Amino acid sequence: RLGNARLLARYGFVEEGNPFDSALLPTDLILEVGCGVQDGVEDDELERRSELVEDCVIPADAYPVTREGVAMEVMAALGFFSLNAEECAAFEKEKEGEEDMWSALQQVVRDRAAWERRLDRALLLLLAERLTVFPTSLEEDRALLTKNNLPPRVRMAIIVRMGEKQVLEQAIASIQSRHRKKREGEGAGRETGEKIRKG
């Protein structure tokens, strides 16, 4: 159950299309994106939130995104940054220190739709920023793999980074699909309401 990065590091081989591939999201990048979730938040408030998140939620240097989704620590960190001032005050009064921060956050959210929009926007930005680290696109990597003169280690390194990009792009596509379904559901709900009123 190892992704290609670990297979290559430990055993010197990789598997194309490895279902256990993952990409790491650096804590510094998570905090940077989190601080930009909402406009109009004072710098000292952002610094305080960052310290709480770094100390209690994401103390490690990086967290994974896999084919199954983004690590819950990342979700909780960005979810905390996505709270408005009233929700943040309620969290610090009632829920700070609880082990399951993700569940605690959802209990203090007043406007769930707005919170989820801010959270998804932050997740999309985080994943997109992580993709910019790579010097090539997936299409360029696929083209490179068609070359016959690639040294084996170079070929394996390309396969490793392709897996990481695929995981990130899959996570982005999943969030975007969720957005589309929500919009379609909201549109259907409005149409039904209009029909009821007219009927």
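## Helix 3 and helix 4

Axes are lines fitted to C-alpha atoms, for helices over the stretch in contact, and the angle between two of them runs from 0 to 180 degrees between N-to-C directions. In this predicted model, helix 3 and helix 4 pack with their axes 10 Å apart, at an angle of about 160°. Since angles over 145 degrees count as roughly antiparallel, helix 3 is therefore roughly antiparallel to helix 4. The crossing of helix 3 past helix 4 is right-handed.

Helix 3 brings Leu46, Arg49, Ser50, Leu52 and Val53 to this contact, and helix 4 brings Ala77, Phe80 and Phe81. By class, the residues where helix 3 meets helix 4 are 6 nonpolar, 1 polar and 1 charged.

## Overall architecture

The protein chain contains 9 helices and 3 strands. The C-alpha trace of the chain spans about 65 × 50 × 30 Å along its principal axes.

## Helix 5 and helix 6

Two packed helices are described by the angle between their axes and the distance between the axes. For helix 5 (residues 85–94) and helix 6 (residues 101–108), the angle is about 125° and the axes are 9 Å apart. Helix 5 and helix 6 are therefore oblique to each other. Their crossing is right-handed.

On the side of helix 5, the contact involves Glu87, Ala90, Phe91 and Glu94; on the side of helix 6, it involves Met101, Ala104, Leu105 and Val108. The residues of this contact comprise 6 nonpolar and 2 charged, with no polar residue.

## Helix 2 and helix 7

Helix 2 (residues 27–35) and helix 7 (residues 112–131) have axes that come within 10 Å and cross at roughly 140°. This angle makes helix 2 oblique to helix 7. The crossing of helix 2 past helix 7 is right-handed.

Leu29, Ile30 and Val33 are the residues of helix 2 in this contact, and they meet Ala122, Leu125, Leu126, Glu129 and Arg130 in helix 7. By class, the contact of helix 2 with helix 7 has 6 nonpolar and 2 charged residues, and no polar ones.

## The largest pocket

Rolling a probe the size of a water molecule over the atoms shows where empty space is left. The largest pocket holds about 260 Å³ of space. Its lining consists of 15 residues, and those closest to its centre are Gly3, Ala5, Arg6, Phe20 and Ser22. Helix 1 (4–11), strand 1 (22–26) and helix 9 (152–198) are the elements that each give two or more residues to this lining.

By class, the lining of the largest pocket divides into 7 nonpolar, 3 polar and 5 charged residues.

## The second largest pocket

The volume of the second largest pocket is about 220 Å³. Among the 15 residues of its lining, Cys56, Val57, Glu98, Glu99 and Met101 lie nearest the centre. Met101 also belongs to the contact between helix 5 and helix 6, where it is one of the residues on the helix 6 side.

Helix 3 (43–56), helix 4 (72–81) and helix 6 each supply at least two residues of the lining of the second largest pocket. Helix 4 provides the largest share, with 3 residues. By class, the lining of the second largest pocket has 8 nonpolar, 1 polar and 6 charged residues.

Terms used
Residues are numbered from 1 along each chain as its sequence is written. This is a predicted model: local features need pLDDT of at least 70, side-chain atom pairs count only at pLDDT 80 or more; totals for chains, interfaces and linings use all residues. Side-chain values use heavy atoms; hydrogens and water are left out. Helices (H or I, at least four residues) and strands (E, at least two) are DSSP runs, numbered from the N terminus. Angles under 35 degrees count as roughly parallel, over 145 as roughly antiparallel, 65 to 115 as roughly perpendicular and the rest as oblique. A crossing is left-handed if the near helix is turned anticlockwise from the far one by less than a right angle, and right-handed if clockwise. Contact means heavy atoms within 4.5 Å. Ala, Val, Leu, Ile, Met, Phe, Trp, Tyr, Cys and Pro count as nonpolar, Asp, Glu, Lys and Arg as charged, and the others, Gly among them, as polar. On a 1 Å grid over the protein atoms alone, a cavity is a set of points where a 1.4 Å probe fits but cannot get out, and a pocket is an open set with protein on both sides within 12 Å along at least five of seven lines; lining residues have an atom within 4 Å of a point. Grid points are joined across faces, edges and corners, and a volume is the space filled by probe spheres set on the points.
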